[in-house]
Amino acid sequence: MLYPCPDDLVIATKVGGTRDENGGWIWAARPEQLRATVEQDLRTLRRDRIDLVNMRFGVGGPAPEAVPLAAQLGVLTELRDEGKVDLIGLSTVSADVVKNALEITPIAEVQNAYGIANRTDEPILDLCREHDIAYVPYYPLGSAFTGSPQTLAADPAIASVAAKCNVSASQTALAWLLAHHDRMLLIPGTSSVGHLEQNLAVDGIQLDDHNLATLEAVIHLGAPSF
Ligand SMILES: NC(=O)c1ccc[n+]([C@@H]2O[C@H](COP(=O)([O-])OP(=O)(O)OC[C@H]3O[C@@H](n4cnc5c(N)ncnc54)[C@H](OP(=O)(O)O)[C@@H]3O)[C@@H](O)[C@H]2O)c1
């Protein structure tokens, strides 16, 4: 429960999917569902405005009837004009959708799966650099579901840079991400205060050109599969 929370806390939410009675994801991506989700989130958070709302495109489960992108972004733009939303982002999205969305409205953030061992999203990161869009890599450590922090620690390139910089393998993977875009925002998941402190300290880790070149040899595992 986030309420009560400081006024200057930046809150980002996600719309486009919801849970069924068994906890599975189902789509909720029609314009009226998007509006209802944002308004429910405002009530739950007891706020007048959400700082950033991500429109989620990959939900899983049966595909919904086709909903035009312009209608989905149209309702989020209306909510922004009403002062209920500040910024609009996109999540689990293809390059084509990002390009089409930019024709419709300014996009503040893209949130996609990406990390040192999963670089398949490079073309979208290029788009973000080109349009000065914040990029939020999810599964920045390869995901909690696949034990990937341990896999990263076993990679010889990561292990050698981590040892040289006197930091952990996970910190090396996160520092590598920060070095890849001026507007990279990290959301590593953790259930450990110690890991949270290590992850916050990544801001102070500078990887030089030699270390970045060494990390080019990291074994590419692709997107985590479950
Ligand atoms: N937009 C989307 O559609 C979408 C989809 C999936 C996920 N996400 C979001 O992405 C974020 C990250 O996802 P995730 O948590 O599944 O994957 P992740 O951040 O890649 O990996 C989390 C795993 O890393 C471990 N870890 C974290 N910090 C560590 C450290 N300093 N040293 C060693 N291990 C460390 C955690 O274990 P401990 O608990 O032991 O620290 C956990 O097992 C979450 O906020 C999630 O909600 C978004």
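Helices α5 (148–154) and α8 each contribute at least two residues to the lining of the largest pocket, where helices (H or I, at least four residues) and strands (E, at least two) are DSSP runs numbered from the N terminus. A pocket, on a 1 Å grid over the protein atoms alone, is an open set of points where a 1.4 Å probe fits, with protein on both sides within 12 Å along at least five of seven lines, and its lining residues have an atom within 4 Å of a point. The model is predicted, so that local features need pLDDT of at least 70 and side-chain atom pairs count only at pLDDT 80 or more, whereas totals for chains, interfaces and linings use all residues. Residues are numbered from 1 along each chain as its sequence is written, and side-chain values use heavy atoms, with hydrogens and water left out.

The lining of the largest pocket has 25 residues, and those nearest its centre are Y139, P140, S143, A144 and G189. Helix α8 gives the most to this lining, with 3 residues. The second largest pocket is lined by 14 residues, with V10, A12, L52, E109 and L185 nearest its centre, and strands β3 (50–56) and β4 (85–91) each supply at least two residues of that lining.

The table sets out both volumes, each being the space filled by probe spheres set on the grid points, which are joined across faces, edges and corners.

| Pocket | Volume |
|---|---|
| Largest pocket | about 650 Å³ |
| Second largest pocket | about 360 Å³ |

By class, the lining of the largest pocket holds 9 nonpolar, 14 polar and 2 charged residues, while that of the second largest pocket divides into 10 nonpolar, no polar and 4 charged. Here Ala, Val, Leu, Ile, Met, Phe, Trp, Tyr, Cys and Pro count as nonpolar, Asp, Glu, Lys and Arg as charged, and the others, Gly among them, as polar.

The space taken by the ligand is the largest pocket, a molecule being placed in a pocket if more than half of its atoms lie within 2 Å of its grid points. Around the ligand are 22 residues, the closest being L141, T190, S191, H195 and N199, and a residue counts as near if one of its heavy atoms lies within 4 Å. A polar side-chain atom of T190 lies 2.5 Å from an oxygen atom of the ligand, and a backbone N or O atom of L141 lies 2.7 Å from a ligand oxygen atom.

Technical notes:
Polar contact = N/O pair within 3.5 Å; in protein donor to acceptor, adjacent residues only side chain to side chain.
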